[in-house]
Structure formats: structure tokens, C-alpha cells
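Work through the exercises below with the sequence and the model side by side. Try each task before reading its solution.

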Amino acid sequence: LVLWGDPRVGNYDIYGTRVTSAGETLDPLGIGISRVVNDQRAPAVSPSGTGYRVVWQDGRGGGVTSIFGADIDDAGAVTSVANGYVVHTGVSAAALPIIAEGAGGDTLVAYQRLDDVVARAFARLLRSDASGLPDGSACTSGVECDSGHCVDGVCCDAACGGSNTTDCQACLGELTGGTDGVCGSVTLATPCGDATNSSCNASDT
């Protein structure tokens, strides 16, 4: 599967075509993978199960760019939601994705994210059905989670301090009195803080 950014309607959209080992182009007009407002650029592709998974840099929101993806079968049909699904979106621009296949059709998507004017590398694991683990599931890394956040050993609905044990935030129900996977404040008398000028300084709990 060969991909490109296509300006045939003005802005750049994502198109692709299957090419045989003999060099024959099977989709001469191109497969329209994502055709939405603003530019979609920098597509990348990997085998995934019996088809392909495509990711790209997407500007449909009109502000900072996000990362979107789509699944295509061997016949060249887009089998995922029209114009792609969200791989990553947020307040910081995400760009230049790459993708590699893992076991069972799972794929790892790595991309650049601009945080505080510094470009950092991030990644997310997409299951064969393009989903990550739901909030509250056990995890070891944010790439496993649909939210992109693994905090206190579970997928969390927010960054929630990033497992910082001194900020009085947690994502485990046993610490917050709430539900696993939902970021909240730790319950009263739970040890936290660092005996300095932290938000939990007064009693260090």
C-alpha cells in the first residue's frame, strides 16, 4: 500500500493505492482514506492482521494537529469509521507519526508532540481493532491505554500527576475512594506530600 497527501480538492487529503510485487497499480484513482477540511499530511502504513493500518498528521480541528488512523483490507476497502479515528489529540500539536506491526495485528504508533516548545517522542499501542485498554484496566505503560495515560498501575482518564506520589492525586479507587481509572484526590489521612511546600504540606497527609 502506497500513501500520499493529495491536493486534488484544494487542501491535502490522504489517499493510497495497492501496488503488486510486479509494480502494477491496482487503484489508479486512489483510495480516499481521509477527505476532510484542512490538511492531512505525513501518512505512514504498516501491515495489520490481513490488511493495513494507516496513520497520519491531521489538521481537521483547525488548531494544533492531531494523529488519526484508518484500517484498510486487502481488497482496498476502508473498514474503519469514515475519514479515520483519533489516535492522539490534545492541547499540544502532534506530528510525523510512524507505525510498526506487533503480535496479533496490534500496532505501535510513535509520533512527535510539541510540549512547551520542546518536541518529545510519544507512542500508543493500538489493538487489532484499533482500541486501547479502557480506563481502570491494569497497565504498565500509557501506550497500552485508550486514554494514553497509565497512572498507579491502571489506565486513567487523565495524566493525574503521572504517578507522582507527592501530589495528593491518584487513579486507584482504593486511594481516592472512587473508581479505578478516574483521577481524583486521595482520601483524607492518606500519606502524600514531601514535607516541603507541597499542596499537601500542612499535615503531610
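Predicted model: local features only at pLDDT ≥ 70, side-chain atom pairs only at ≥ 80, totals over all residues.

**Exercise 1: Aromatic pairs**

Task: find how many aromatic pairs the whole structure holds, and describe each.

Solution. Step 1: the search of the whole structure gives 2 aromatic pairs.

Step 1: Trp4 and Tyr15 make a pair with 6.5 Å between centres and 20° between planes. Planes under 30 degrees apart count as stacked, and the pair of Trp4 and Tyr15 is stacked. Trp4 lies in strand E1 (residues 2-9) and Tyr15 in strand E2 (residues 11-17), 11 residues apart. Trp4 is partly exposed at 26% relative accessibility, whereas Tyr15 is buried at 6%.

Step 2: Tyr111 and Phe122 are also stacked, at 6.4 Å centre to centre and 15° between the planes. This pair links distant parts of the chain, with Tyr111 in strand E9 (residues 107-115) and Phe122 in strand E10 (residues 118-126).

**Exercise 2: Charges over rings**

Task: which ring lies under the charged end of Arg8, and which under that of Arg60?

Solution. The charged end of Arg8 sits over the ring of Tyr15, 3.9 Å from the ring centre. For Arg60, the ring is that of Phe68, with the charged end 3.8 Å from its centre.

Terms used: Residues numbered from 1 in each chain as written. Heavy atoms only, no water. Phe/Tyr/Trp six-rings, centres within 6.5 Å; stacked < 30°, edge-to-face > 60°. Helix = DSSP H or I, 4+ residues; strand = E, 2+ residues; numbered from the N terminus. Buried < 20%, exposed > 50% of the residue type's maximum accessible area, 1.4 Å probe, protein only. Lys NZ or Arg CZ within 6 Å of the ring centre and 35° of its normal.
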